[in-house]
Amino acid sequence: MTHRQIPFAFAALAGLALLGACGSGDAPAAPVDAEVAATPLANGLTAAETVDARQAHLKAVGKAFKTISDGLKESEPDMAAIQSAAASVPAETAGMADWFPEGSGPASGVKTDALPVIWETRADFDSKIADFKAAATTLGTVAQAGDIAAITEAFKATGATCKACHQTYRADD
């Protein structure tokens, strides 16, 4: 490199550093160690695969909740849609406790809203999952009976269990 090229190279590197610092406003992810990222967790998946699967299940639950919520707001609710959505929630969350193995939190370097406190207070977290699953099962059962008032109450109770967990264990809520 010639003496004249050094300032240009320095300016280019500084520009790249500034571009790299730009982002979507999210907190930077933890550095990803390629070996750690490729290591299977207790569930046999990598941290990235685990977080992707977890998020896919939770998005399906969110979609079911939206279907139920929207249906309950209608003057003539689509009972079949509500019943199908309510039945999908306990089925979709059958293995929920296994979605959060050690090593699938933010320290893995994978973008996740799951907070480290999940693994620090695992017994409480598992208790919240059990509460949610019980409420979701009740919602599914009540929905099959077709009583809108009962479905509304079971839906509120299930939503409250979601909120109880999200308040402590999920970022961005």
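Residues are numbered from 1 along each chain as its sequence is written, and side-chain values use heavy atoms, with hydrogens and water left out. Because the model is predicted, local features need pLDDT of at least 70 and side-chain atom pairs count only at pLDDT 80 or more, while totals for chains, interfaces and linings use all residues.

The chain has 7 helices and 0 strands, where helices (H or I, at least four residues) and strands (E, at least two) are DSSP runs numbered from the N terminus. Read from that end, the order of elements is α-α-α-α-α-α-α. Of the 173 residues, 28% are buried; buried stands for under 20% relative accessible area, exposed for over 50%, and partly exposed for what lies in between, with a 1.4 Å probe and protein chains only. The accessible surface comes to about 10500 Å², and carbon and sulfur atoms hold 62% of it. Areas come from the Shrake-Rupley method with a 1.4 Å probe; for residues, only the protein chains shown count as cover. Among contacts (heavy atoms within 4.5 Å) with a separation of 6 or more, 70% join residues 24 or more positions apart.

The largest pocket has a volume of about 530 Å³. A pocket here is found on a 1 Å grid over the protein atoms alone, as an open set of points with protein on both sides within 12 Å along at least five of seven lines; a 1.4 Å probe that fits but cannot get out marks a cavity instead, and lining residues have an atom within 4 Å of a point. Grid points are joined across faces, edges and corners, and the volume is the space filled by probe spheres set on the points. The lining has 23 residues, with Leu 58, Met 96, Phe 100, His 166 and Arg 170 nearest the centre. Helices H3 (47–73), H6 (122–145) and H7 (148–169) each supply at least two lining residues, and H3 gives the most, with 7. By class the lining has 13 nonpolar, 5 polar and 5 charged residues, where Ala, Val, Leu, Ile, Met, Phe, Trp, Tyr, Cys and Pro are nonpolar, Asp, Glu, Lys and Arg charged, and the others, Gly among them, polar.

The structure holds 3 aromatic pairs. Rings of Phe, Tyr and Trp (its six-membered ring) pair if their centres lie within 6.5 Å; planes under 30 degrees apart are stacked, over 60 edge-to-face, and the rest tilted. The centres of the Phe 65 and Phe 155 rings are 5.4 Å apart and their planes at 55°, so this pair is tilted. It links distant parts of the chain, with Phe 65 in helix H3 and Phe 155 in helix H7, 90 residues apart. Both Phe 65 and Phe 155 are buried. Phe 100 and Phe 125 form an edge-to-face pair, at 4.8 Å centre to centre and 75° between the planes. Phe 100 sits in the loop between helix H4 (79–92) and helix H5 (117–120), and Phe 125 in helix H6.

Two alanines remain. Ala 87, in helix H4, has a relative accessible area of 38%, so it is partly exposed. Leaving aside neighbours within four places in sequence, Ala 87 is in contact with Gly 140 and Gln 144. Ala 171, in the segment after H7, is partly exposed at 22% relative accessible area. Its C-alpha atom is separated by 4.8 Å from that of Asp 113, 58 residues apart along the chain. Not counting residues up to four places away in sequence, Ala 171 touches Asp 113 and Leu 115.
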